[in-house]
Amino acid sequence: MSPLLRTMAMASLLAAALPATPLFAAEVASSSGQSQVMAGDFGPPQGAPIEEKLVDPPGVPAPIHRNYPARVIVRMETREVVKEIADGVRYDFWTFNGSTPGPLIRVREGDTVELHLRNDPASHMTHNIDMHAVMGPGGGAVSTATAPGHESVFTFKALRSGVFVYHCATPPVPMHIANGMYGLIVVEPPQGLPKVDHEYYVMQGDFYTTGTYHEPGLQSFDMQKLLLEQPTYVLFNGREGSLSGDNALKSKVGDTVRLFVGNGGPNLVSSFHVIGGIFDDANVEGGTLVNHNVQTTLVPAGGATMVELSTPVPGTLLLVDHSITRAFMKGALGEIRVSGPARPAIYEKGPSTRFASKSRQVPQTSVALGAGDKMADGKRVFTQICSACHQGNAMGLPGAFPPLAMSDYLNADPKRAISIVLHGLSGKITVNSTGYESVMPTLGQQLSDDEIANVLTYVLNNFNNKGGTISASEVKAARAAGPAK
């Protein structure tokens with residue numbers, strides 16, 4: 001008998017010996033003689049049905065502490081809503097429950113999930129839902145094609161633990177996903193997940209707008225950009241700044257943070273990384289395989305992961321797609337702000353020490369240079385350092401780096417620029433009526449007080465700015481004062 005026929009015969013004998021339920025849990029002997037547990041039906045739901053309490057991202061439902069399978073009722077609505085994708089930029093999102101991503105669903109392995117999908121009467125499109133946690137035709141999409149003003153219901157048993165994507169699968173599928181129709185469902189193992197101090201929900205997506213990055217006004221969907229896989233924005237949770245500034249995730253010194261991370265796509269693979277953190281645990285592709293001490297983890301389009309990290313020192317950790325252009329020039333940037341006492345034994349910023357090398361002698365401008373030479377030195381610093389981001393004409397890079405030319409932000413308060421050059425800047429600013437959220441690096445350790453004074457004076461007196469002078473003594477005082485609180 002051939003190996004294939006022998007395998008088929010053994011399978012037939014096994015099936016005949018097991019209970020006649022289509023999905024079951026049973027122990028069988030492996031080829032090595034070890035007992036293995038087969039995944040399957042964990043028995044009928046027990047107790048009264050449970051209505052899932054959905055919350056807006058980045059929030060997640062509470063952990064599950066049940067030790068039995070239940071019937072969990074999940075009610076969702078597809079809505080087409082116009083809202084901001086970036087400051088001053090609006091977009092027609094297609095959503096689950098009005099948010100991108102849709103709410104995170106949390107159930108237990110063995111639960112029976114009864115999903116109600118309603119399509120808002122104001123919708124223009126039919127929508128449905130494909131859940132990657134479903135083992136059945138279309139992940140539920142076949143059963144949930146729902147016209148505006150109607151509701152569909154289907155039921156499935158959660159047979160595998162893990163973190164799974166759901167998304168709309170109505171043709172054209174890429175368009176529905178690209179407009180924001182995706183989310184996560186977490187299926188906890190029967191024993192539950194280990195306790196952590198904070199849990200958050202982060203989902204990346206790529207967006208294709210007719211306008212350029214940060215072009216203001218209402219932007220529509222661009223099918224040609226989608227086909228070329230050239231997104232205008234790559235974002236966490238459907239909006240630039242959704243996880244930074246006042247919206248930053250929070251933690252405290254010594255806490256543990258769990259992130260449920262998904263990637264709706266529809267096209268790009270995410271290289272998810274937390275700058276200033278290491279993942280203690282990373283569930284590879286959202287499954288049960290756990291990797292440890294991970295710096296960056298891949299999250300495929302239509303895939304997910306669950307990562308846990310500790311926050312041992314205070315400060316701001318940055319969430320990024322480490323395909324790094326997407327983070328700093330397309331919007332895939334978030335923050336975890338960690339509060340609490342400093343722990344110098346783990347991390348301590350030391351004093352700055354300047355030295356002169358053969359390749360670059362630090363000019364002693366306050367002693368040797370007159371006004372004209374100081375202006376020339378400022379031009380040198382601008383050309384060597386500032387123009388890399390703000391461009392040689394100081395017009396910046398649209399949507400990424402703000403202009404220094406004719407800058408209302410700079411001209412309104414030139415002294416404010418001293419602290420920005422010294423200590424850096426992150427978060428939202430508005431320059432000439434356009435919002436920016438790129439990160440300005442700290443240059444205080446790289447440039448002397450004289451160099452900072454010279455370059456700021458140079459910029460103020462060029463590029464159609466209003467003029468003015470910054471002195472080295474002002475820079476020195478700002479350096480001693482430290483970053484603005």
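# Exercises on a predicted model

The side chain of Asn 263 comes to 3.0 Å from the backbone nitrogen of Gly 265, a polar contact (N or O atoms within 3.5 Å; within protein, one able to donate a hydrogen and the other to accept it; residues adjacent in sequence count only if both atoms are side-chain atoms). The model is predicted, so local features need pLDDT of at least 70 and side-chain atom pairs pLDDT 80 or more, while totals for chains, interfaces and linings use all residues. Residues are numbered from 1 along each chain as its sequence is written, and side-chain values use heavy atoms, without hydrogens and water.

**Exercise 1.** Describe the surroundings of Asn 263.

*Solution.* 
- Step 1: Asn 263 belongs to strand β16, residues 255-265; helices (H or I, at least four residues) and strands (E, at least two) are DSSP runs numbered from the N terminus.
- Step 2: check its accessibility. Asn 263 has a relative accessible area of 0% and is therefore buried (under 20%; exposed is over 50%, partly exposed in between; 1.4 Å probe, protein chains only).
- Step 3: follow the side chain. Besides the backbone nitrogen of Gly 265, the side chain of Asn 263 reaches the backbone oxygen of Leu 268, at 2.7 Å.
- Step 4: list contacts (heavy atoms within 4.5 Å). Not counting residues up to four places away in sequence, Asn 263 touches a set of residues including Val 165, Met 203, Gln 204, Leu 268 and Pro 300.

**Exercise 2.** Find which side chain makes a polar contact with the side chain of Ser 152.

*Solution.* 
- Step 1: Ser 152 sits in strand β9, residues 151-157.
- Step 2: at a relative accessible area of 12%, Ser 152 is buried.
- Step 3: leaving aside neighbours within four places in sequence, Ser 152 is in contact with residues among them Leu 115, His 116, Ser 143 and Thr 146.
- Step 4: of Ser 152 and Leu 115, the C-alpha atoms are 8.2 Å apart in space, and the residues are 37 apart in sequence.

**Exercise 3.** State how helices α6 and α9 pack.

*Solution.* 
- Step 1: Two packed helices are described by the angle and the distance between their axes.
- Step 2: read them off. Between α6 (residues 371-390) and α9 (residues 449-460) the angle is about 90 degrees, and the axes lie 7 Å apart.
- Step 3: name the arrangement. The two helices are therefore roughly perpendicular (65 to 115 degrees; under 35 is roughly parallel, over 145 roughly antiparallel, the rest oblique).
- Step 4: find the residues that meet. Among them are Lys 374, Met 375 and Phe 382 in α6, and Glu 451, Val 455 and Tyr 458 in α9.

**Exercise 4.** Classify the aromatic pairs Phe 154 with Phe 156 and Tyr 458 with Phe 463.

*Solution.* 
- Step 1: count the pairs. The whole structure has 11 aromatic pairs (rings of Phe, Tyr and Trp, its six-membered ring, with centres within 6.5 Å; planes under 30 degrees apart are stacked, over 60 edge-to-face, the rest tilted).
- Step 2: Phe 154 and Phe 156 are stacked, with 5.6 Å between centres and 20 degrees between planes.
- Step 3: Phe 154 is buried at 8% relative accessibility, and Phe 156 is buried at 6%.
- Step 4: Tyr 458 and Phe 463 are edge-to-face, with centres 5.8 Å apart and planes at 90 degrees.
- Step 5: Tyr 458 is buried at 9%, and Phe 463 is buried at 18%.

Notes. Axes are lines fitted to C-alpha atoms, for helices over the stretch in contact, and angles run from 0 to 180 degrees between N-to-C directions.
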